[in-house]
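Please open the structure in your viewer and keep the sequence beside it.

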Amino acid sequence: ELTGAIDFGVDVVDLDQDPRAATLQYVSQIADALERGLYTADVEPLAALAEAFRTDGGRRRKPGDPASDAVSESIESWVSSSATELSDLANDYLAKMLPDAPEVLLAVNPPAIRFARPGVEWAFGPARLSLEDLSRAEQQWATRAINHALYWHRRELTQSTTALRPIITMIDEPEAALHRAAESQMAGSLVSLAEDPRQIIITATHSPELLDTPAAHVIEVQRGGGMLPGRSLVQTLDLADRDSLNRLGLAPSDLLRWPRVILLVEGAHDAAVLDAFVGTRLRAARVMVLAMAGGRKLASTLDSQVLFSHTRAHLVALLDNQRVEAVQSTWQQAQEAAAQGELQAAIDIVVDGIGKETPEADYVRSWLTRALERGLDGRIRPTGLERADIVEYLPVENFVAGAASWTELRDQHREARETPRSNTPKDFKHWLELRYRADFTPDNLRAAVAGADIPPDIARLMNELEALSAAPRPTE
């Protein structure tokens, strides 16, 4: 039943529209409004600007035409006010978005050359370059700056009726063609603009700077096909998801790496040693290594539903001091029981099959049991390294000069712990740091790896991860 234009109470602005066409549209609208008496006399010179644009393209007036001279006189009077205001608005926006941004000027060409060039055009920098002469990033943001200026200049003319009117601006890939420092500045400026309650900024982006800001409202969009046969996915990353990621030391942008495997390791030492030995292969297989700051936190990863709802990755837990074949055999039997609907039998298999002789075994048993209870067993996999700590795959002399073996140092640590009234630290590596000033910094770990052959345990782990990465993704 409705006809004509419908006002939904919000302005939607595409900042990527052609700036010259947008300027023509703007001044033409003002000219039309002037004819209907909708604007006051102080903006009447804008009508001349609109006329100058209308004469561009096959209908340009030639020099000496009295009508052209009249238009030129009206434009000159407009330049001192509205042209300067538009230029200032564009410059302010562009300077916020880009470091070393070129100056923007709405230039007016003299009548003598108007047969060859538009009456009014945007120019950039001291050399008065055209838009096409700028870099890709400068072109994109100059275009957005001009569209931003046009909108807010128009809005100022109708301030009495639109002071609180909300505006939605849409920007596609704002990080495109920007280096990291420029991306950071751009993201900070967009976040600052969005603090204005009138403004809603919608971007299609993969920028960590934007996705990880607390002010961002992140919506994940996956096109149907591949891992989502027959359907697409649109879901919001809410505050609970963010809290869950923060507890794991992750940010929303980490999910955009689209890991096929998330490898949970006990700490930073594990991550550093694995990266030094097989970092290139891990990245090629799209394996994201996540340090948990202690194996005791393993079970809590299953509380982070965001890892399961916002990725299709397998979660693999890597713990030291494990009988890998026995653990994986037990888990396979438990999964088979769960698949037959025998949940309690599956839990019993895990409880009976995973030993209790080490803290790491307790962590694995708790993790697998909780996964069964929550129906997440199809997405997780236990694995491990047989040595008590990953550093023990490295040459001992890189950490303790003159030491014969890690076994010898373990024996010394155990004896010191058994000494009456001993204050020897329980943690083996901490004791080595205090007793021998052992250096377990990432740089020294990498130095110890340099030139060393990949240990069979780590080679076996890498093969396992590559095979899992290549396997079909879960659909649920």
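Which residue takes a positive phi just after helix 11? Select Gly341, whose phi is about 85°. This is a predicted model, in which local features need pLDDT of at least 70 and side-chain atom pairs count only at pLDDT 80 or more, while totals for chains, interfaces and linings use all residues. Residues are numbered from 1 along each chain as its sequence is written, and side-chain values use heavy atoms, with hydrogens and water left out.

**The whole chain.** Colour by secondary structure, and the chain comes to 17 helices and 11 strands, where helices (H or I, at least four residues) and strands (E, at least two) are DSSP runs numbered from the N terminus. Of the 476 residues in the chain, 46% are buried; buried means under 20% relative accessible area, exposed over 50%, and partly exposed in between, with a 1.4 Å probe and protein chains only.

**Helix 11.** Now select residues 324–339, the 16 residues of helix 11, which reaches 22 Å from its first C-alpha to its last, close to the 22 Å expected at 1.5 Å a residue (1.5 Å times one less than the number of residues). Val324, Val327, Thr330, Trp331, Ala334 and Ala337 are buried in helix 11. They cover an arc of only 160° around the axis, so they sit on the same side of helix 11, the arc being that of the directions from the helix axis to the C-beta atoms. On the other side of helix 11, Glu325 and Ala339 are exposed. Show the surroundings next: the buried residues of helix 11 pack against partners including helix 12 (343–353) and helix 17 (456–470), a contact meaning heavy atoms within 4.5 Å.

**Salt bridges.** A search of the whole structure finds 17 salt bridges, each a side-chain nitrogen of Lys or Arg within 4 Å of a carboxyl oxygen of Asp or Glu. Select Asp92 and Lys96, whose side chains meet in one of these at 3.4 Å, N to O; both residues lie in helix 3 (residues 66–97), 4 residues apart, about one turn of the helix.

Then move to helix 6 (residues 180–194), where Arg180 and Glu183 lie 3 residues apart and their side chains meet in a salt bridge of 3.8 Å, N to O. Arg180 counts as exposed at 54% relative accessibility, whereas Glu183 is buried, with a relative accessible area of 7%.

For a last stop, select Arg381, Asp457, Arg460 and Glu464 together, as these residues are linked in a network of salt bridges.
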